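The following report describes the packing of secondary-structure elements in one protein model. Please examine the sequence and structure shown here before reading on.

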Amino acid sequence: MSTVDVFLKLYGIKKDELLEWGKKNYPELGGNLRLLLAAYIREVLGQEPPVEIFELVPKVTVKKVIDLKEDEWSVIEVYVARVVSERTYTACPICFRKLTNGECTEHGKQEPIEAKFVDVVVGDDTAEVVATLTPRVTTRLGDIDIVGCYVRMRGRLTSDMRFVVSEVTILKMPKTRREVSVEEVREERFEEVPKIEVEEKPQEEIPEGVLNTFRKLIETFEEVSLPELEKWARRRGFKGDVVEVVKRLGYVIEDGVVKMRKGTLS
Ligand SMILES: [Zn+2]
């Protein structure tokens, strides 16, 4: 099944109908079903067509999961096996930064949107990896559930072996789908990050392992609100001063947000 077929099914549009409509309204587009579908979704259904319809990168070299290298942008074709965790927060609609008192550090006062990170287990015939769908991706997908789908993902492997995804294209949808509620997933969710085992110690003696765990988290998200980071650390039994750890790692705190560096771009 082609990507267009997937979306025709999703939107309940018949191919013949679309071609008929296209012939009448956009004869100049000929048989480009992707563009006709985008036009149809916009004009007839009154919705924004999902970017996943388009084949923006026609020639891609697909990598096997086992061959992914840290920090290298890659394209993989994988089966989405299941959701492992989901984190939501109120975000700026423009840059997806976390809003503090309804304000974005970059765009000022904004109408908040609910943004979310979703971690999914994906794999091909060589291996599995946890893929992190960023708020930009999950917002684009909207109600489209990619669990059980065979997809193409563009992204980058981080130092903690997560594949951070910037683009998803659905290649194949599941034949049958049993609805699994988010609650169900939450209840059996995996532990996201290893627990920090540490006793209360003077600040000068923050163990390297603890620093590394913080470093991985902050680098994964690039920026994270200080209260969130403190909550995260307490849940894992860390009793020290989080601000001190952040400073030791060389990150900056701006308006209550821990950033990898000053003025980090979204
Ligand atoms: Zn913003």
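## The open sheet

Strand 9 and strand 11 (residues 257–259) run antiparallel and are joined by three bridges. Strands here are DSSP runs of E with at least two residues, helices are runs of H or I with at least four, and both are numbered from the N terminus; two strands pair if DSSP finds at least two bridges between them. Val224 has Val258 in strand 11 as its bridge partner.

The open sheet has three strands in the order 9-11-10, with antiparallel pairing. Because strand 9 (223–225) and strand 10 (252–254) each have a single partner strand, they stand at the edges, and one side of each is left without a neighbour in the sheet. From one strand to the next, the twist averages 30°. Helix 7 (residues 226–235) packs on this sheet and touches strand 9, strand 10 and strand 11; its direction makes about 80° with that of strand 9. Contact requires C-beta atoms, placed from the backbone, to lie within 7 Å. Angles run from 0 to 180 degrees between N-to-C directions, and axes are lines fitted to C-alpha atoms, for helices over the stretch in contact.

## Basis of the model

The model is predicted: local features need pLDDT of at least 70, side-chain atom pairs count only at pLDDT 80 or more, and totals for chains, interfaces and linings use all residues. Residues are numbered from 1 along each chain as its sequence is written.

Helix 1 (residues 3–11) packs against helix 3 at an angle of about 20°, their axes being 10 Å apart. Helix 1 is therefore roughly parallel to helix 3, a term for angles under 35 degrees. The contact brings Val4, Phe7, Leu8 and Tyr11 of helix 1 to Leu33, Arg34, Leu37 and Ile41 of helix 3. Its residues comprise seven nonpolar, no polar and one charged; Ala, Val, Leu, Ile, Met, Phe, Trp, Tyr, Cys and Pro count as nonpolar, Asp, Glu, Lys and Arg as charged, and the others, Gly among them, as polar.

Helix 2 (residues 15–25) meets helix 3 (residues 33–43) at about 85°, with axes 10 Å apart. The two helices are therefore roughly perpendicular, the class for 65 to 115 degrees. Leu18, Trp21 and Gly22 of helix 2 make the contact with Leu33, Leu36, Leu37 and Tyr40 of helix 3. These residues divide into six nonpolar, one polar and no charged.

## Overall composition

The protein contains eight helices and 11 strands. Of the contacts with a separation of 6 or more, 60% involve residues 24 or more positions apart.

Conventions: Parallel < 35°, antiparallel > 145°, perpendicular 65-115°, else oblique. Contact = placed C-beta atoms within 7 Å.
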